[in-house]
Amino acid sequence: MLNFALVGCGRIAKKHSEILGRGQIDGAQLVAVCDIIEDRARTYGEKFSVPYFTDLHQMMKTMGEKINVVNILTPSGTHAKNCVELAPYGAHVVVEKPMALRLSDADAMITACDKAGIKLFVVKQNRYNLPVQKLREAIEEKRFGKLVMGTVRVRWCRTQDYYDQDSWRGTWAQDGGVFSNQASHHIDLLEWMMGDIESVFAKTKTALVKIEAEDTGIAVLKFKSGALGIIEATTATRPRDLEGSISILGEKGTVEIGGFAVNEMKTWNFGESTKEENDVVQKFRENPPSVYGFGHVAYLQNVVDCIRHGKSALVDGLEGRKSLELITAIYESAEFGKEVFLGHGKQKIKLGGD
């Protein structure tokens, strides 16, 4: 049995705690929670009958080797600090998206975990959505032939009330905007399907809410394969959420996954395979809507399997860093009004700044 602890008892902690605290993962259980706000920590501790703490060092020293894995669910801007502080205790680390707001922080996290001999897992649960898995299978089988274009669309609704829930939301130092927060999963999926990126040109704006960062943006990508890509992201959809989707177009086929959270197969069209298209589209219309997608159970089960059997993680620190590199390039492009080539960004950006 692997014992998990949660650091951060905010919005996403509800998902992690229900999965780990209700025995939804074979071979895993929740044994402790921690949050700097005592009421939040107490609420989760009492709900799942586990010890609660307001200081992560106190938790680790008190629980000792009873904790095998720590899930970092704090604001994005503190992920790196939390990870580097936790690594020496020897427990494996699971960190929610984005893994950090600066590439230097992501590198520090990877180095700290490597030095401690522990695994670092970055949560990208939408990779486990059934339609997404089917799309990835087609990519690996090269069914698209030459890739032409990949597009992701995040058209969600986040009103001022959402941003006012916590003082860190929408700030450059702790959160960023729609690209670093809500769209980070979709950006990861696009890069996972389409491959490495050569350059990006982006535009952003803050349309309907009062926050430091953007609530709306677009980015045009050029992939190293020569294919093009588009990222459309906004939390200014009104009056309610519309979609979270991905489309892949190639010389031999087209696939579109839509729904609220990349959860519904809309189009599966390869040449003359009409029967297959109907079968696939019907089979993958099963998932109910959820803001977090449908893969947290599968993702955390993979974490357990990787630790138990020494497997490689689907999204480790290096893989998680890839989408962060694109996100920071998007912000650099938008901030300085220029095309940014990945790996060559040199301007200091607001995201993750003090």
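Start by selecting residues 2-7, strand β1, and residues 28-34, strand β2: the two run parallel and are joined by six bridges. Strands here are DSSP runs of E with at least two residues, helices are runs of H or I with at least four, and both are numbered from the N terminus. Two strands count as paired when DSSP finds at least two bridges between them.

Before going on, a word about the model. It is predicted, so local features need pLDDT of at least 70 and side-chain atom pairs count only at pLDDT 80 or more, while totals for chains, interfaces and linings use all residues. Residues are numbered from 1 along each chain as its sequence is written, and side-chain values use heavy atoms, with hydrogens and water left out.

**Stop 1: the parallel sheet**

Then try Ala5, which has Ala32 as its bridge partner in β2.

**Stop 2**

Which residues have the most contacts inside the largest nonpolar core? Select Met59, Ile67, Met99, Leu120 and Tyr299 to see them; this core has 60 residues. A nonpolar core is a set of buried Ala, Val, Leu, Ile, Met, Phe, Trp, Tyr and Cys residues joined through side-chain atoms within 4.5 Å. A second, separate core has 52 residues, including Trp192, Ala213, Ala261 and Val281.

Zoom in on Tyr299. Leaving aside residues up to four places away in sequence, Tyr299 touches Val94, Phe121, Val122, Val123, Lys124, Gln125, Tyr128 and Val315. Contact means heavy atoms within 4.5 Å.

**Stop 2: the mixed sheet**

Another open sheet has eight strands in the order β13-β12-β11-β7-β10-β9-β8-β14, with mixed pairing. Its edge strands are β13 (264-269) and β14 (340-341), and each pairs on one side only.

Select residues 147-155, strand β7, with residues 243-250, strand β11: eight bridges join this antiparallel pair. Here Gly150 stands opposite Ile248.

Move to residues 216-223, strand β9. Its covered face holds Gly217, Ala219, Leu221 and Phe223, and its uncovered face holds Thr216, Ile218, Val220 and Lys222. In a regular strand the side chains alternate between the two faces of the sheet.

Strand β9 pairs with β8 (residues 197-205) in the antiparallel sense over eight bridges, and Ser199 stands opposite Lys222. Seven bridges join β9 to β10 (residues 228-234), again antiparallel, with Leu221 opposite Gly229. The hairpin of β9 and β10 has four residues between the strands, and there Gly226 takes a positive phi near 100 degrees.

**Stop 4**

Select residues 130-140, helix α6, and residues 184-194, helix α8: they pack at about 25 degrees, with axes 9 Å apart. Because angles under 35 degrees count as roughly parallel, α6 is roughly parallel to α8.

Where they meet, Val132, Gln133, Leu135, Arg136 and Ile139 of α6 face Leu189, Trp192 and Met193 of α8.

Helix α6 touches β7, β11, β12 (253-258) and β13, while α8 lies across β7, β8, β9, β10 and β11. Just after α6, look for Lys142, which takes a positive phi of about 55 degrees.

**Last stop: Leu242**

Is Leu242 buried or exposed? Leu242 is exposed, with a relative accessible area of 52%, and is found in the loop between β10 and β11. Leu242 touches Arg155, Thr237 and Gly259, not counting residues up to four places away in sequence.

Notes
Buried < 20%, exposed > 50% of the residue type's maximum accessible area, 1.4 Å probe, protein only. Axes fitted to C-alpha atoms, helices over the stretch in contact; angles between N-to-C directions. Parallel < 35°, antiparallel > 145°, perpendicular 65-115°, else oblique.
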